Amino acid sequence: MRSLIDIIDLSVEEIDSLITTANDIIANPDKYCEKCNRKKLATLFFEPSTRTRLSFEAAMLELGGSVIGFSGADSSSSAKGESVSDTVRTVGCYADIIAMRHPKEGAPMIASMRSSVPIINAGDGGHNHPTQTLADLLTIQREKGHFDHLTVGLCGDLKFGRTVHSLIHALSRYEGVQFIMISPDELKIPDYIVHELETAGIPYTETRSLEEAMPHLDILYMTRVQRERFFNEADYIRLKDSYVLTPEKLTPAKRDLSILHPLPRVNEISVAVDNDPRACYFKQVLNGKFIRMALILKLLGVE
Ligand code: NCD
């Protein structure tokens with residue numbers, strides 16, 4: 001039994017194989033529509049979600065399985081004080097696999113230590129979000145055909161943005177990748193990640209200027225300022241519109257730039273950018289469902 005808590009729980013070869021399966025699902029969906037007959041996925045979401053929860057559920061339904069779960073802490077016994085460990089031991093009696101989102105960093109890891117079925121971390125606080133990273137990687141692979149030698153701009157809330165943390169860990173394992181971290185000083189990437197990049201000798205620069213970074217980028221990964229993780233509203237209001245991508249700001253960008261965003265978007269990308277062929281964020285949503293199908297198959301050990 002295996003869980004996915006951190007993206008580096010998967011080797012580069014395993015990620016390649018998930019991408020191969022996802023591409024095969026896209027090409028031959030009928031082959032997969034009964035693979036999870038009689039299997040159940042539980043989605044335990046203690047925090048709001050649209051894409052992640054629904055894409056897990058759609059993924060399991062498209063594999064022929066079924067889904068149970070809850071979409072808010074208030075509708076589960078955690079509101080009565082039940083521990084995450086007891087919740088997953090209970091749900092393991094009903095479901096074959098669990099996708100869990102929790103506001104506390106490390107909660108899915110604790111859950112995986114007590115669970116009788118695989119746990120998938122669907123986002124833990126400001127920490128990690130490995131399945132969003134799988135969606136990002138499938139998108140980059142389909143757009144660019146490779147991960148090596150890419151210059152990746154990460155823009156916005158790099159402090160609390162868990163998708164960015166997992167993506168850095170995943171892309172750091174490929175040859176010649178470099179990062180340009182674009183954020184206000186208050187929302188810079190956490191020190192522990194900077195330390196990991198330095199120890200591994202991975203090139204990165206930090207800047208406040210999206211304009212300066214733009215011409216160099218192969219990938220631009222925009223993020224939302226994570227309001228729910230701020231200690232006070234005044235800071236959020238001051239920082240929320242630090243970056244707004246518009247068609248004009250894309251003028252100096254490469255013609256084959258790929259613009260990604262894990263969504264939801266608030267203000268960071270003007271809707272006028274949506275028609276630009278370089279905008280990939282809605283393809284990313286669809287890719288998220290296919291790669292989650294591949295992941296469910298792998299963790300359930302279905303051939
Ligand atoms: C992200 C998340 O929940 O971390 N959303 C998602 O899962 N696609 C990003 C965000 O909420 O800003």
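**Entry 1: the ligand site.** I began with the surroundings of the ligand and found Thr52, Arg101, His129, Gln132, Arg162, Thr163, Arg224, Gln226, Pro262, Leu263 and Pro264 around it; a residue is near a molecule if one of its heavy atoms lies within 4 Å of it. I note that this is a predicted model, in which local features need pLDDT of at least 70 and side-chain atom pairs count only at pLDDT 80 or more, while totals for chains, interfaces and linings use all residues. Residues are numbered from 1 along each chain as its sequence is written, and side-chain values use heavy atoms, with hydrogens and water left out.

I sorted this shell into three nonpolar, five polar and three charged residues. Here Ala, Val, Leu, Ile, Met, Phe, Trp, Tyr, Cys and Pro count as nonpolar, Asp, Glu, Lys and Arg as charged, and the others, Gly among them, as polar.

Entry 2: The side chain of threonine 52 places an N or O atom 2.8 Å from a ligand oxygen. For arginine 224, I read 2.8 Å between a side-chain N or O atom and an oxygen of the ligand. A polar backbone atom of proline 262 lies 2.9 Å from a ligand nitrogen. The protein covers 94% of the 320 Å² of accessible area that the ligand has on its own, by the Shrake-Rupley method with a 1.4 Å probe.

**Entry 3: the peptide bond at proline 264.** I found a cis peptide bond between leucine 263 and proline 264, with omega about 5°. Most peptide bonds are trans. Proline 264 belongs to the loop between strand 9 (258-260) and helix 10 (281-300); helices (H or I, at least four residues) and strands (E, at least two) are DSSP runs, numbered from the N terminus.

**Entry 4: arginine 38.** I noted a positive phi, near 70°, for arginine 38, a residue other than glycine. Most residues other than glycine have a negative phi. Arginine 38 sits in the loop between helix 1 (12-27) and strand 1 (40-45).

Note on methods: Polar contact = N/O pair within 3.5 Å; in protein donor to acceptor, adjacent residues only side chain to side chain.
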